Every structure is written in C-alpha cells, then in structure tokens.
6 protein chains.
Amino acid sequence: MSITRGFTSHPAGSVLVEFGQTRVMCTASVEQGVPRWRKGSGLGWLTAEYAMLPAATHDRSRRESVKGKVSGRTQEISRLVGRSLRAAIDLSALGENTIALDCDVLQADGGTRTAAITGAYVALADAVTWLQSAGSVSGNPLTGHVAAISVGVIDGEVRLDLPYEEDSRAEVDLNIVGFDGGKLVEVQGTAEGEPFDRDAMSAMLDLGQKGIEELIAEQKRALDAPYPGELPSPVQR
Amino acid sequence: MSITRGFTSHPAGSVLVEFGQTRVMCTASVEQGVPRWRKGSGLGWLTAEYAMLPAATHDRSRRESVKGKVSGRTQEISRLVGRSLRAAIDLSALGENTIALDCDVLQADGGTRTAAITGAYVALADAVTWLQSAGSVSGNPLTGHVAAISVGVIDGEVRLDLPYEEDSRAEVDLNIVGFDGGKLVEVQGTAEGEPFDRDAMSAMLDLGQKGIEELIAEQKRALDAPYPGELPSPVQR
Amino acid sequence: MSITRGFTSHPAGSVLVEFGQTRVMCTASVEQGVPRWRKGSGLGWLTAEYAMLPAATHDRSRRESVKGKVSGRTQEISRLVGRSLRAAIDLSALGENTIALDCDVLQADGGTRTAAITGAYVALADAVTWLQSAGSVSGNPLTGHVAAISVGVIDGEVRLDLPYEEDSRAEVDLNIVGFDGGKLVEVQGTAEGEPFDRDAMSAMLDLGQKGIEELIAEQKRALDAPYPGELPSPVQR
Amino acid sequence: MSITRGFTSHPAGSVLVEFGQTRVMCTASVEQGVPRWRKGSGLGWLTAEYAMLPAATHDRSRRESVKGKVSGRTQEISRLVGRSLRAAIDLSALGENTIALDCDVLQADGGTRTAAITGAYVALADAVTWLQSAGSVSGNPLTGHVAAISVGVIDGEVRLDLPYEEDSRAEVDLNIVGFDGGKLVEVQGTAEGEPFDRDAMSAMLDLGQKGIEELIAEQKRALDAPYPGELPSPVQR
Amino acid sequence: MSITRGFTSHPAGSVLVEFGQTRVMCTASVEQGVPRWRKGSGLGWLTAEYAMLPAATHDRSRRESVKGKVSGRTQEISRLVGRSLRAAIDLSALGENTIALDCDVLQADGGTRTAAITGAYVALADAVTWLQSAGSVSGNPLTGHVAAISVGVIDGEVRLDLPYEEDSRAEVDLNIVGFDGGKLVEVQGTAEGEPFDRDAMSAMLDLGQKGIEELIAEQKRALDAPYPGELPSPVQR
Amino acid sequence: MSITRGFTSHPAGSVLVEFGQTRVMCTASVEQGVPRWRKGSGLGWLTAEYAMLPAATHDRSRRESVKGKVSGRTQEISRLVGRSLRAAIDLSALGENTIALDCDVLQADGGTRTAAITGAYVALADAVTWLQSAGSVSGNPLTGHVAAISVGVIDGEVRLDLPYEEDSRAEVDLNIVGFDGGKLVEVQGTAEGEPFDRDAMSAMLDLGQKGIEELIAEQKRALDAPYPGELPSPVQR
C-alpha cells in the first residue's frame, strides 16, 4: 500500500493511492462559497464523486458519460465516499467553502471504494492545509483520521482486502469505514452466497478494525512528510 | 404492522405492507423466460425496483420519470431490495423464469426500505406459488424467509423502526436484512452525527435480530391464511 | 364506482377512486407560492401528472423513471388532466398558491384517464378546503364540479366506460370531460378502426353526458360526508 | 391555402403546404421492411413526427434536440398525425413497407397540426404512387382522402382556422380530422376559457366538416396535376 | 448558387441558400439582453445551431430530438458556424443584444456546413439592419463579409463544392471560412483515405479562396437588392 | 516531453504521455470481433474517446457523466482522435478485431488533444504487437507513425505547443496531425481574434511539421525500448 501526495498540481489536494494493483487518483478541489441553498448558513460543504476509467478493469467497460447515465454502483460509492469524508470534517469550522473530492480509478483490482476513501482523506487534509495557509480557514475543521478497508470471507477464512479474483468468489463482503481509536463511521456487509452469522460478523469487524489502524498509521506517515514540490496554487472561482 | 395479500389482482403477487404510517405496495410480476444474456443457462432471474410516489412524503417530491433520472438513493435501495430477495431464492430451482419485484411507497414515515423488503418477500412467495400452480416450477425455490428492519440510536437509546421525525435525528441508522434462524443477509450501518463503537453495534444487532424474528412470524401468519379472493391469472408475455 | 377520501394522510387532498377494476390514487399537494415566472401576478397555479405503476397492467410495463423518459401517452394524459382541472378553478381566487395533482394508477382496467380526472376533482376540492381552513384562500376558487367519462362503440352499440378487454376492440373511443349542468370542457374522439359519422358522435355525447351527471352526483355524495379521520396538516415549503 | 408537390427531391413524397402564414414541409420517406416486432406479419407500418423549427414562431423557441427532450405538445401532435394518416391507409395492402411522415413547421401562424395532416396526406399519396411504380405495392392501399381543420369560437362566433393572434384568444378550439363524405377520424375540442355547450359543438362540427370538404377538393386538384419535375428515386435501405 | 432573403417572416433575418441540390434555411432571431453570465458587460452574444431535417438526406435519418441527443457531427458543425459568424461581428458594437442563428438543412447534397455559414452571414446582416432600424444598435457591428466553401481532391484533381456522391469518394476534404480580401477564419482539412502533402494543401487553398471571393460577391448582390416584402417585425422577449 | 509505456497493466496498450504540465493517459483495449453492422466484412474497427478528469484543469469542471451529456468539445476531440488514428491503421490487415482507444487527461495545460493523439499512437502500436503475439493478427496493420502538434501565433510570433496561459491569448490556433515523411492527416486552424493570411498559415505549417518529425522520433525511441515489465494479458470478451 502506498500514498503519493502532490500527484497532480492544480487541485489543492491530489493523491495517488495504491493498494496492490488497485490505483486511485483522489483530488480535493477547493471553491470559495457554497451552493445557493446553503448560502448564509456559515457552514461549508463537501461533495464526492467516484468513477472508473473505461480501461481500469480487465475488460474495458463503457464510459458513463457516453452512456449518458451514471450506474447505480457508481452513485452508491460516490454517496458512500461523501458520507465517510463528511464524518471527518466539521462543516462549521470549514466556513462557507466547498471541497469537491474526485476519486478516479486508474486501475482496478478489488477494494476500489475503500482505497478511494483512504486516499481521499489525505487529499482532504492537504486541501484543509491549503485553505489554512490561504487564510480562508482559521481553526482545524478535521475531526480525526478516516480510513476504510474491505474484509472478506473466502473458503471460510476471514481475510483483508482481497484482490479482484478472490473478491469475486468471496462468501461475504464487508466494507468498514472508521476513525483512529476504533470508532465506526460505516459498516456495510453483504452475503454474496450463503448468509452469515454474528460470529463471522464479529471476526470480520475485529480484523477490519486492525486494518484500519494500520491504514491510518500510513496516512499519518504520508502527511507528516514534507509536501513534495511546490504547494498547489489553484485558481479559485 | 400489517400485511395485506392480493392487494391488486393483475400481478402474481401483490402485497400492501404497513409499518406505522409507512405504506408500501409490493408486487411480484412473473414473466416466462430470462434476459438474453442468461438464456440457456437454466437459471431464473429476479429484479427489483423501489420508488416513491411524489406525494408519499410530507413535502411533495419531484417525480423521477419527469426529471428523467433516478436518484442515487432510489437506485441504492432498488439494488438492496434485489440483493436481499435474491438471497431468498434458488435461481436454478426457479428455472428460466423472471420475477420482477416493484416496491412503490404510497406513504412514507421512516423505514420504507425495510418495509419494502419485508413485503416483497410475501409477494415473492405468492408468485412462487402461482408459478408452481401454473406448472412452471416444480420444486420449492425459496430458501427461507427474509425480512428487514431498521434500528436507530436516539438520545443514546437503541430503538426499532423509528418514524420519520425521530429517524431524521437518529445518531446511528442500521438496516438489517436477515433470515429466520438468525443468519444475516445485509447489514448497513451509518453514523449520522457521531461515530459509533462496537458495543452500540452489538446492541443494535441484538435488538434488530429480535425484530426480524417477529416480522418473519408475521409473514408466516399472512402466508398461512387462505388467499383473499381469486388467485391472479396474469397474462404472460 | 367508489371514491375514498383521506386515502393517505400527508397531502392536502388524497383520494382513491375505483371504476370497476381500475384504481387510481389522486393526490393534491399544496405549496405556498407559484413558479418564478408567475410571481407577483396574484394568480395561483395548478399542475397535474398522471402515471401508471409498472404492475398496474396485465403485463408489467417498464418503469418510466428507469427508461429515463416519459412516454407520449403519459404526457398526453397529464396535460389533459391539468387542462381539465384548471377549468374547475379560478386561479385568481386561488391566490399565489400552487396545487400539484398526482394521479397514479395502481390497477388498470380501461378508463384510467377519466377515472383520474374524476378523482382528482375530489382531491382538489379537499385541498381547497384545506387552504381555506389554513387561511390561505378566502373565497371559493372552485367554479363547478368536473368529471370525465369514456364512451365506446362496440359491435355497433354505444356503451359507457368499457373494461380493458372490450376497450381494446372498441370501434370508436370518446373521452368527455364536463361540468355539472351539461357544459363541456374537453371532447376527444378517435376512430380506432372505421371512421364514425355525426349520428354516432351525438349518441356518444348523449350517453356520456348522462354518465357525467351520475359521476358528479357521486362526487357530491363523497364530499358531503364528513372527512374520514383527522384533516391532513402537510408541511408547506 | 396552397399545396406544392415535389418540394424537395429525396423523399418519395415531399409537399409544402401553406395555410395563410403557416407553412409546413411534409415528407413521406419509404423504407423496405417493417420494424422487427412486425416482421412476417404481412402488414406495413406508418409513423409520423411533427416538429417546429426554432424560428418558426414569433419568439424563437429552444430546439428540442438541444434540450434533449421532446415536449408533450410535440409528442401529442406527432401521435395525432400518425393516427390520422393510419386511418387513410390499409396496412395489409401496403405490405411489409414502412412509410415515415415528417411534418416540419417552417413558419407558424395557427393551425399547424391541421395543416400538417392535410399536407401529409398528399405526401403519403405520392409515396404510395412511388411504391406502386417501383413494383413494391400492387393494389391501392389508400382508403380515402383525409384532411384536418381547426375551428374556433371567438367573440361568440364560430370561425375556421384562426391565425395565431386570434387563436390565442379563442374560447373554444376544435380540431377535426375527417374523410371525404363526412366520416370523422378524430375530434378534439378544448374549452380555453369558458366551457361550451352541445349547440356550440354542433355548429363547430358543421362548419368544420364543410371546411374539410374544401380541403379535400384542394388535395385532389393538387394530386391530379402532373408531378412537377422528375419523380424522386430515393435510395432505400 | 442562389440566396433568397425574407424566406420566412418572423425572424429578423431569414434566408434560403441553395448550392446545387443543397438547400439550407438560415434564420437570425434577435432577442434583447444577453445570457445571465454576460449581463452588464456591454457585450452582445451570438449563438448558432445547425441541424438536418430527417428527410434531407437520401436515406431518412433519425430525428435528433427523438433520439434525445445531438450527434457529434451536429455539435461540431454548430460550433463551427458559431465561431465563423462571431468572427464577422464586433460584439461590443452589438451591445447587449443576442442573435441566434439557426441553419436547418431542408435538402442535403454535399457542402451543407459551408452553405449554412454563407447563408447565415446574409441572415445576420439583415438582423443587424433590423436592430439598427429599431434603434437598438447605433454603429455597424459587422466587421466584413464571411463565406465558406468546401474543396475536395477527387481522382487527384482539386475541385470546388462536390455534390454528395462525389464528396463521399473524395480523397481530401477541406472546408475554408474566409473574409473578403483573402483573410482566413477557419481551415479544416481531413484526409479521407490517403494523407496529403503541402502542395495539395496549397492548391486547395488557392482554389477555395477564389471560390470565397465569388460567394461574397453573391452575398453582396443579394444584400444590395431591396428587401423582398415587408421588413419583419419580430416580437422581442 | 516524455512517453511512458505500460503505465497500467490491464489494457493491451497503456501509455502516459507528458507535454510540459499536460499529462494524458492513453490506453488501447482489444476486443475480438467487431460491431454487429461490420460482421463478416473481414475489416477491423477502431474507436476513440477523449475525456478530461474533473480536476485536470485549474478550475474543477463538472463531470460529464454526472451532467448526463458529453460536451461538444469532448465529442469533437474524440472524433478527431478516432479519425487520426484510423489513418494509421489498415483495417483489413487488422481483421475482425476492435481496438478502443481511451485518452483521459489527468492534468491539462494546453495541447491536450495533440498529446492524446501522439500518445494514443504508441498505445495502438503496443496493442498491435499484443494482437500479433496472440496470433490474432498476422501482418502489420500499421501504415506509418502518426503524431500531432499544435501551433499558435502569439504576439505575432509563430510558436509550438503553447501552455494554457499563452494558448488562451493566442491569435491563431492550428492543430496538425501528420505522418513521418511530411504527409498530413488533419489540419485545423482557427482565428481566435483577428483572421490570418496565407503567409501565417504557411509559417505555422512549416514549424508544425518540424515538430511532428521530432515527436515521431520520440515515439520511435519509446517503442524501440524493451517493454517495461510483463506484457499485459487482457481478458478478452
């Protein structure tokens, strides 16, 4: 697992996150102001969009912009990323600024949604630093580190972050989003074939929460390192 | 909570399910054959669509057909209903038949997605009976009873199936889909404000699974009663 | 034929209308204010949308929200319902309020558009009462009772409101919308196979107008009864 | 009123019809074969589409292709044109050929839908001749002449085919589609302000049917004249 | 080649341009004011849309409004027409007025985009005159005459404005948009089969520029003639 | 300028091309068979899609999949990339295989369309090698090297490949696509402010063609190097 900050230079935060063969580019773009329905509230806003490039998968998939509609899967993951990262930020401390997170999967090999959340947190943290250094935000709106991991049961065994080939034959698939310190933000478990019992659920949560601690340690290492190259100076609208 | 079978007479299964003020019409339409990509596989198919009538909520919401696109929320719930009910059916025992479940919310007051799943199971069971009596299915493709419930934490207290007003200020929202006997199909928990810990998670699962047992008892009572009126005789394409 | 008021409890008017096997849920939702282009005119606004649930017909039809577009038939009927009900209301006496009528067909067996108009009038009347009791409207904006009926010629004989099976082999199909007292709002006649002459037209209008008188008597009976249960208290935007 | 045949040279029938300031280009394109769902039936097919060029009206209207959807009005008129012209043709005598009618309004000044139907009949007749001379059709599939007219009541007086300015303040608007000899195909009457009674209805039908006779006489004159220029030789798919 | 001014009477400029069998109706509609994002800038705005009627080609093509999306080809040409005509007008001299150009191909036989540009210039010039006589524009915003021509290489020979049949087997296709006096606005050359060299490029530009001079002479002749009939008096929004 | 082959590992060709700050990921995905309308022709097919990631530009742009339609600019460039690369391949030598090129701009700073074409050629060449080693193609379908460059006039001076800031104030913008050896595939010149004369055109072509020679030298260097890592083994549908 690796996290590269400053992957591109226009957005306030830009991170390439790699989990095995999975590679996701996560950017955080900053815009002054908030959507019209939120004006004057003193609160900021955070949105997220997830998408997969057509050639990210083994078989090329059709481009959603060309099809003219976004699949249910894409929308579901975009909503999950947004909810997860909004849990990590105090929108009143953000003030009337908007942060748009974009998670684009360059290459997929299982676990793209959890990689997206984990990388997006780092891009978000860099965008917050950028807002602070621009004087747009004074306090620290971040409420903790957020990371995500997927856990699967395969051949009766609980395993972390399966690659695509194993993932597609997992019996249960559990995605966990959590803070450092063991608090949970989202838990989504799905029986792929057979239903599962409470013991399996517990074992998956145990292993997953351990994984989240490690990911957050990795996020901290990446964020403690000096910013690679010049800080971005995005043109704000 | 009440379940009315034979609510309308064209589809093979048609159920009105009421949870407090929430009312959902769940139908199961049967069609001979399967989509093209599945032909010759010997397997059946089951799809599900969830939608809300415009005036189902306190404030009228815009009709999705007129907007020209289905919201992320609608798609997410449709996918959840489909996955949950596919867990309750053995598609090879169904043979090359397609069952389309439609869950239309006539009135919403919290817990619409779990009401939809619970009612859809009964419509599905009636559709299976219909297929059996039509000679299209010989064995029993149903693998168990499936019901769903939502659990919330409100003012620190774990509660079942909150009405809308309480639901909208719940701290955690957990939707559980399960079989009779305690096996789980889906678990989806979301922190609405503060993140939650493993103890809260356990307490919610405990209460939720008890609720599911009661719902399944109710499904059984409804299905054991004689079919109200004539059995439907849908025209098949 | 039966009319059930207060069918659901959120909208200001909510009616279930049944014509034989045809069942339509008609709601009237009230919103303060009018669309932007109408602001400051002192005039109210009334819109209408008609739709069919997927399993309302013998064969399930595809959901229009999922197809991403509304069929010509649906739009045509929505426009007809809107024109017909706007004829029954004085928009200047309504003041700058908007009433949205939704007619959703739960079960279809011929004559859905005329059932929708007839039921929508009752929902509209209840919404007007609601507006009056809320103090938003002072006078009576209703200009008369409006109902609709379909007349067909089948095997050379003029008949009222054919069920689907007969409707689909009718030679002429005439939809009439009218006021009490014999005035007409809309007349739409279509030769399905052979063209028709003026005599047939007259015979159909005679029979249809008699039918409209009966429907309006039924509307009056329903509206004269006390409101079933509590009056709705919709949250207004 | 004037009818120009052979207005463009690619389609099998191409007519410019002018009613006062209203000008509609009506084409009939011929294609061998029928849509898939109709193959092997021995029956032909006829479709129709009506549209208005953006600058046809006094105020430019937005182009429907750019908006990405067809308005309810456009769809309604397209359906009316299709039904009306299908009444004039015996689809079994047409054989498995498809005729696509396109009615594009170059300039609008009231009565565009009735002008479209009247002109489309002439284009259809030329397309039938073309099919006969190509040997694709042997008998005569035309079942009679079809024309359409609009009648209005303005200041209490019944009048034929009002120009836009008068049309927009008409009290009643009645569109009639009929055959030569007095048979009716479609009757669509709408009260614009006040409802109307049976006497007004009769007076409008009387005047309208007289008008249709004159239009059909004009169609016959146009069709009896020799074809202007070379007969079209469309490339068939 | 022929240019007919005043082809329809509602828009401020309305031109029918004919190049061989190709016929395009070009209108220029005037509206007071500019889009919101441009308000207060003192600058005018000019937009253009190109489209083909379904029966304009040998084989009928599907209507883009019905398909619900505009093809890449249509958009590309609309953008080209817009850029080309904006080169001919000083938007600050136009003041806060909007001109919408519509180029609708009634019949296509090659060279429709260049015919559209050449005709649109004349419609634009008439719209400018209209604005001047209405007192909305004081100076002369036109910066010169703009026309367009297509040049092809066929069987190794450079030729002007090929009809469709030859165009479709041309080896190179070059569209040139230019001013009087030899200045160029757009040059778009495409190798259809074999790539081309600089000599071919020069020969095509030489011939094309000669053609543009002739077209501009024709535009001037048309514009010097008195306006046919009454000047249009469009209703402005 | 740099070219990285094997940038991702699923598609048959995957290239990251960098021109200054502009970075485009170009992939070539291979699929056995051709679209239905082409079956049995013995000819292959090549398609191309260009898109920009939302955060690729200084200001984040809205995601086209979420807007539900592809902009005219995106379609225009996709078509240009497709035409340009089809010029480089003999579709009969390719046999009934399809190659889908995807050019996704990760970061934009001017010249994205020309970078896309130049990089896509290298991805295409790798996909052809892959097809040859898989035994799906026997001969060499590539007909030469294709690259593209943009030339601008800024402050009266002709310059190659301007970065975004200069590009946006260029007076003329010319995109050239060409083969090695001086043959041209596409020439697209646009006057941004003032029109340009033939001398400027010649100077731009001279400089651009020199630039294309250098780009092709760079493509050859990249393709002559050994493939970085393992050859991709895409799963073919």
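How many bridges join strand β6 of chain D to strand β8 of chain D? I counted eight between β6 (residues 146-154) and β8 (residues 172-179), which run antiparallel. D:Ala148 stands opposite D:Val177 in β8(D). Strands here are DSSP E runs of at least two residues, helices H or I runs of at least four, numbered from the N terminus; two strands pair if DSSP finds at least two bridges between them.

Conventions: this is a predicted model, where local features need pLDDT of at least 70, side-chain atom pairs count only at pLDDT 80 or more, and totals for chains, interfaces and linings use all residues. Residues are numbered from 1 along each chain as its sequence is written, chains are lettered from A and ligands numbered from 1 in the order written, and side-chain values use heavy atoms, without hydrogens and water.

Next I traced the open sheet of eight strands: β7(C)-β6(C)-β8(C)-β9(C)-β9(D)-β8(D)-β6(D)-β7(D), with antiparallel pairing. β7 (157-160) of chain C and β7 (157-160) of chain D stand at the edges with a single partner strand each, so one side of each has no neighbour in the sheet.

Then I checked the helices. α2 (residues 72-86) and α4 (residues 112-133) of chain D pack at about 40°, axes 10 Å apart (axes are lines fitted to C-alpha atoms, for helices over the stretch in contact; angles run from 0 to 180 degrees between N-to-C directions). That makes α2(D) oblique to α4(D) (under 35 degrees is roughly parallel, over 145 roughly antiparallel, 65 to 115 roughly perpendicular, the rest oblique).

I also noted the predictor's ipTM of 0.94 and pTM of 0.93 for the complex.
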